[in-house]
Amino acid sequence: MRNRTVKIIALVLAVLMALSLAVPVISYFVRAQTIDTVTDIYPINVSWGGSSVDYIAPNRTYRIQFDARVNLGSFVPPSETVHSPFNVSAAWSRPTGATLTLQFRNQVEPGIWDTRVTISQITYISTQQIERLMVSGVRVATPTGERFLIFDANIPLPFEGGDWWGDWGSGSGSGSGNDNWNGDNEPGETFSSSIIVESVVAHDAEGNILRDITRDTPPFSLQITFTDHGLAGTPRTAISEGSLAAFLTDTGTLIPMGSMRGTMRSLTIPTGDPPRFVATFNNLRYAGGAPLFVEVGFRAQYSVRGQRVFGDGTARFFGIVREDDEDDEPDPFTPHIILSSHYFGGEPVPAGNVFTLSMDFMNTSREIDLHNIIMVVSPVSTEQQQSFLTIASDTNTYFFVSMPAGGTRSQSIDILVMAAAAAGSQAVSVAFNFEYMVGGALQSNSLSTTVHIPITQIDRFTVSPITELSEWLQLGDEGYVVVSFVNMGQATTFNVSGFILDAEGNQTGSEHFGNLEAGASGSLDFSVAPNQTGEHFGTVVIRYENEVGEEMTIEESFAIFVDEPWFPEPDWGVDRPGMHEPEPTGMPWWRYLLIILGSVGIATPIALYIIKRVKAKESEVHDEDF
C-alpha cells in the first residue's frame, strides 16, 4: 500500500510540474486581443428625431443602424445585447451620451455571425461631403480574450443642398455657397454675392500698362478691380484671405495660354464700405474679331465665416485696335454665314474626354439664297499653341444643298480632348464655302470663324498609404507621421495642407505645403505625442484645391501603440548591445511550447526513476520474506 502511494505521488508531481510550466502559455492566449475590420456592411438606416432621413446635414445628431457579418471564430457570442465604447472618424463626433450596441443573431457560416449594429446620438460636424464613417474601438469579450472591431462604412445618403461649398451652376452676378442653411431646422447667416466691376487694365510681361491690343500683342495679363456689394457690411476679418481665388468662365475672344485660374487679393477699404478685390488673369492672347471691346466672364471665390461663397461678374476691356481688313464695311449684296450660337456643355471639358460641339449658323442675307454649302470643322494649331483636339465623329466635313435667305441650319460634331492637353483654351475652326446667284451670275464665297473651348485637367492628386511613422512609442516620447503625395495630373494642385484628427475628433498638428506642380511629389511631417498608454488611432486629413478652385479632401488612417516608459538600470558606464532597447513584453508561443515539451521530458524520467526504485524496494522486501 505504501509503495502504491509513492507511485501516485510521483505521477502527481510530474503532472504538476508540466502544468505549472503550461500556465504562462494558457494565460498568453487568454490575454490575446484580435482586431478585425468589418466591411461587409449592408442596409444602412439613418434617422433623426425618430424618423428616417433623405439627406445628411451638418451639426445634426443621428441614429445609424446597419447589419454586418462579424468573424468571431469559435466563440459563441452572448444572447443579450452587447454595449461597447467606440470612436468615430473625422467629420463625425461622439458626444456624451452616444451609445453603440451589438446584437448577435444568426450564424451564417462557421464563426461568421449576422450582427445588428446600432449607434445612437452621433453628430455630423463636417462642412464637407465626407461619406466615410469609420467606427473603431468596439470591444467584444470572449473566453479567448477581447476582440476589437472596426466598422468601415459609407453613408449612402446625399448631403443637404447638394454642395456645401457653393453652386457651380450658371448665374448672372451673384451666388451663394450657403443656400442649404435657410431651413427651419438649421438657421444660419446667409451670404450672397453681387459683383460690380470698377476697372479693367491690361499689362504686358514687364508689368507695363497696355492701352491697345491687337492680334500681334504678346501674351498679357488682365487685371480686374471690382466691388462685391452682396457682402456689404461683412467685416473684413470675416473673409479668409487664404480662400480668395478667381476663375475665367467665358473668355470670348481672349485665349488663355495656361490655366483658367487667376489670383485674387483684397484691397483696403473704409469701414462700412463693401469689400473690394483685384483679380488677375495671366498669359492671355487676343484672337481678333472683336468690334469695340472684349468681354470676359469670371467667378470670384470667398470663404466667409467658414462658408464658401461664389460670385459671377463680367468685365469689358475697350483697348481693342481694329485691323485694317476689319475697317472695310462688307458689301451689303454679299451674303455671309455666321455662327449664331454654339454649345459644348457649359463647363470646362476634362482632358481625355469627348464632348459634343453643337452649332447653329445662319444666312445673313435677307434676299439671297445659298447653295452647295460645305462646312469643315478643324482643330487649330498655331506657333504659340499646339492643338490637343481631334475629331471623334466619322467626318469633319458636312454638305448642305441650300439655305434660304435668312435661314438657319444646325450641326453637331464629337471632339476628343487628348489626355495630355494642358489646362486652358483650345481653338476650333469652323469654315464655310458656298455659292449664290447675283444678277444671273453664279458667285462663290468662303468664311471661317473660331470657337474656343475651355479645357480642364482631371484631378489626379494621390496620397500614399501611411507607412512611415512611429508605430511604437513610450509614454512621454514624441513620434512622427509622414504622409507622401504626388500630383499625377497635368495641372498644378494648389494650397496643399494637412492636419491630424485623433479618435475623438480633435484636430492637431496643422502643416502647410503650398502648391504642387504637375508630376511633382511632396510630403508633410507631423509630430504626435499621445498622453495615454495603449493603441491610439488617428487620421491624417490632406486638403488641397484643384485648378478650378474646388477644395478636395483625402484621409489616411494610422495607429500608434504607446507603452509605459522604460528606464534601464545603470551599468556603470558599460554599454552593452541592446541596453537602450525596451525589454520584450512576452515570449513567442513556440518558446512556451518548447518549455512544456522540455518540462514533460524532464518530469517523465524522474517519475519512471521513482517508480523503478519503488519496484526495486518491493523486490528486496519480497526476497527477505522468503
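Reply: A salt bridge here is a side-chain nitrogen of Lys or Arg within 4 Å of a carboxyl oxygen of Asp or Glu. Keep in mind that this is a predicted model.

Me: Which salt-bridge partner does Glu198 have, and what is the N to O distance?
Reply: The cut-off is 4 Å. The side chain of Glu198 meets that of Arg276 in a salt bridge. The N to O distance is 2.7 Å.

Me: How many residues apart in sequence are Glu198 and Arg276?
Reply: Glu198 lies in strand 12 (residues 195–203). Arg276 lies in strand 18 (residues 276–286). The pair therefore ties together parts of the chain whose separation in sequence is 78 residues.

Me: How many salt bridges does a search of the whole structure find?
Reply: The search covers the whole structure. One of the bridges joins Arg299 and Asp312 at 2.6 Å, N to O. The total is seven.

Me: Is Arg299 buried or exposed?
Reply: Arg299 sits in strand 19 (residues 294–304). Its relative accessible area is 5%. The limit for burial is under 20%. Because of that 5%, Arg299 is buried.

Me: Asp67 forms a salt bridge with which residue?
Reply: Asp67 is in strand 4, and its partner is in strand 9 (residues 112–124), 49 residues apart. The closest N and O atoms are 2.3 Å apart. The partner is Arg116.

Me: Which residues do salt bridges with shared partners join into one network?
Reply: Asp67 and Arg116 are bridged to each other. The network also takes in two further names, one Arg and one Asp.

Me: What is the geometry of the aromatic pair Tyr62 and Trp92?
Reply: The structure holds twelve aromatic pairs. In this one, the ring centres are 6.5 Å apart, with 70 degrees between the planes. Planes over 60 degrees apart count as edge-to-face. The pair of Tyr62 and Trp92 is edge-to-face.

Me: How buried is Trp92 in relative accessible area?
Reply: Burial means under 20%. Tyr62 is buried at 1%. Trp92 is buried too, with a relative accessible area of 1%.

Me: Which strands of the open sheet stand at its edges?
Reply: Five strands form the sheet in the order 22-29-28-24-26, with mixed pairing.

Me: What is the bridge partner of His371 in strand 28?
Reply: Strand 24 (residues 370–379) pairs with strand 28 (residues 424–438). The pairing is antiparallel, over seven bridges. The partner of His371 is Glu435.

Me: What accessible area do Ile374, Phe399 and Val401 have together?
Reply: Phe399 is placed in strand 26 (residues 397–403). With Ile374 and Val401, Phe399 forms a nonpolar patch on the surface. Together the accessible area is about 290 Å².

Me: Which residue's backbone oxygen does the side chain of Arg147 reach?
Reply: Arg147 is found in strand 11 (residues 145–154). At 13% relative accessibility, Arg147 is buried. The contact is at 3.3 Å, and the backbone oxygen is that of Asn71.

Terms used
Residues are numbered from 1 along each chain as its sequence is written. This is a predicted model: local features need pLDDT of at least 70, side-chain atom pairs count only at pLDDT 80 or more; totals for chains, interfaces and linings use all residues. Side-chain values use heavy atoms; hydrogens and water are left out. Patches are made of residues with over 30% relative accessible area and no salt bridge: like charges are joined within 9 Å, nonpolar side chains (Val, Leu, Ile, Met, Phe, Trp, Tyr) within 5 Å. Accessible areas come from the Shrake-Rupley method with a 1.4 Å probe; for residues, only the protein chains shown count as cover. Helices (H or I, at least four residues) and strands (E, at least two) are DSSP runs, numbered from the N terminus. Buried means under 20% relative accessible area, exposed over 50%, partly exposed in between (1.4 Å probe, protein chains only). A polar contact is a pair of N or O atoms within 3.5 Å; within protein, one must be able to donate a hydrogen and the other to accept it, and residues adjacent in sequence count only if both atoms are side-chain atoms. Two strands pair if DSSP finds at least two bridges between them. Rings of Phe, Tyr and Trp (its six-membered ring) pair if their centres lie within 6.5 Å; planes under 30 degrees apart count as stacked, over 60 as edge-to-face and the rest as tilted.
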